[in-house]
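Please read the following account alongside the sequence and the structure.

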Amino acid sequence: MARHDVSGLRDAGAAGRWIGSSEDGSGAMAAALEALAAQRVADRDFCVQTLPRVSRTFALSILSLPEALSESLCAAYLLCRVVDSIEDANPIPPETRVSLFDAFDALMRGEAGSLSEFEARFADEALGMAEADRALCKGAGAVFRVFRGLPAADQEAIRPWVLEMSLGMREYAGRADAEGKTRIRDVRDLERYCYFVAGTVGELLTSLFERTVPGASEEVRKAARSRATRFGLGLQMVNVLKDVAEDLDRGACFLPEDVLARHGVRRDVLLSPEARAGGLAAVSEVCAIARGHLDAAVEYTLCWPGREGAEVRAFCAVPLALAIATLREVERGENTLVRGREPKIDKRLVAEVLAGARRAAESDAALHALFARAAEAGPSTPAGVSGRATMPLLRARR
């Protein structure tokens, strides 16, 4: 039996029920249930231990939520990271990537498929994954089992959005494989990419939040739904903007080609001193679009009621405040489009946001003050002092 495969335990449970009238039937049933319970504990432990390895900030946010929501969001996020890892694996034959997407989608839909066989496919070192992502994928059976043990309503809130993400990542990965590079044609293409990568996460979160805040009026729910996608888009566009130099070194560029063309810049010389003025102008244009989405994300966060939805508000406020502060650093331009550097925020601000989000959550005025503080944050800590904040949503890049 594979490390996380419990199909035999399910068979043992069925056998126990079938022989329950025999002398040793109750003992067999008890042993099977005990083994199944131990497997569930091991699976949950795997998820909780893996989460901070793939996103420290997200782990801090999710573990502060009520237990039931925390477990559902942990499983959902890790499933998204598995999809992200498949999209991001490089180098990898296109047909291998397609087959991994196929296998993931089948497991996500609950169709035929072996969890242990899916895990085994990630033992291949040629897939070119970061070690934390490979460890997650090699243990993905635990994540699927935790997901399948969630309440049916939570599964139905999560499944369609993870499959939507997988569909979009498959498309963009296929494009990159066919063209030999990741290229974004225009702003609409960028927003569509960000929708698949992170807008779907905004929709997924909203589906779960509506179950967590049952007292929210239909008017509140409609207001949140109308901004859910933009919550994710804003965060992801900030990731794109702060990582331009790093992505270019990886052979990818998420700045729209039409924006670069408007400012007279080619992607192959974007990091050169001669192209810096035009490059920063192109970044500034996309920053303005990202800021509009972040403004909608602030409205999204404030949609949820202050008292009953305080945990939800605090959860949203952390990545949002960090994104607002990071965008400010991108706009300052000191470390933007500089190879080997990236715009990053002061570690003291990160600590302030993490500590202050829950205290501010019940008050609209306090949340506005937190976001204003993030927007006015000073430069990052001096070189050599770590101030990097890992953004909680996905950083799907090729």
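The paragraphs below take up a helix, the backbone and the salt bridges in turn. The model is a predicted one.

Helix α4 has 22 residues and reaches 31 Å from its first C-alpha to its last, close to the 32 Å expected at 1.5 Å a residue. Most of α4 is covered, with 18 of its 22 residues buried.

The loop between α4 (67–88) and α5 (94–109) contains Pro91. The peptide bond leading from Asn90 to Pro91 is cis, with omega near 5°. Most residues other than glycine have a negative phi, and most peptide bonds are trans. Leu337 is in the loop between α15 (310–332) and α16 (347–360). Leu337 counts as buried because its relative accessibility is 6%, under the 20% cut-off.

The model has 33 salt bridges. One of them joins the side chains of Arg225 and Glu210 at 2.8 Å, N to O. Arg225 lies in helix α11 (residues 218–242) and Glu210 in helix α10 (residues 187–212), so the pair ties together parts that are 15 residues apart in sequence. Arg225 is partly exposed at 36% relative accessibility, whereas Glu210 is buried at 14%.

Another salt bridge pairs Arg250 with Asp247 (3.9 Å, N to O). Here Arg250 is partly exposed, at 34%, and Asp247 is buried, at 2%. Salt bridges with shared partners also join Glu179, Arg183, Arg185 and Glu257 into one network. Within it, the side chains of Glu179 and Arg183 meet at 3.7 Å, N to O. Glu179 is partly exposed at 33%, and Arg183 is partly exposed at 23%.

How values were computed: Residues are numbered from 1 along each chain as its sequence is written. This is a predicted model: local features need pLDDT of at least 70, side-chain atom pairs count only at pLDDT 80 or more; totals for chains, interfaces and linings use all residues. Side-chain values use heavy atoms; hydrogens and water are left out. Helices (H or I, at least four residues) and strands (E, at least two) are DSSP runs, numbered from the N terminus. Buried means under 20% relative accessible area, exposed over 50%, partly exposed in between (1.4 Å probe, protein chains only). The expected span of a helix is 1.5 Å times one less than its number of residues. A salt bridge is a side-chain nitrogen of Lys or Arg within 4 Å of a carboxyl oxygen of Asp or Glu.
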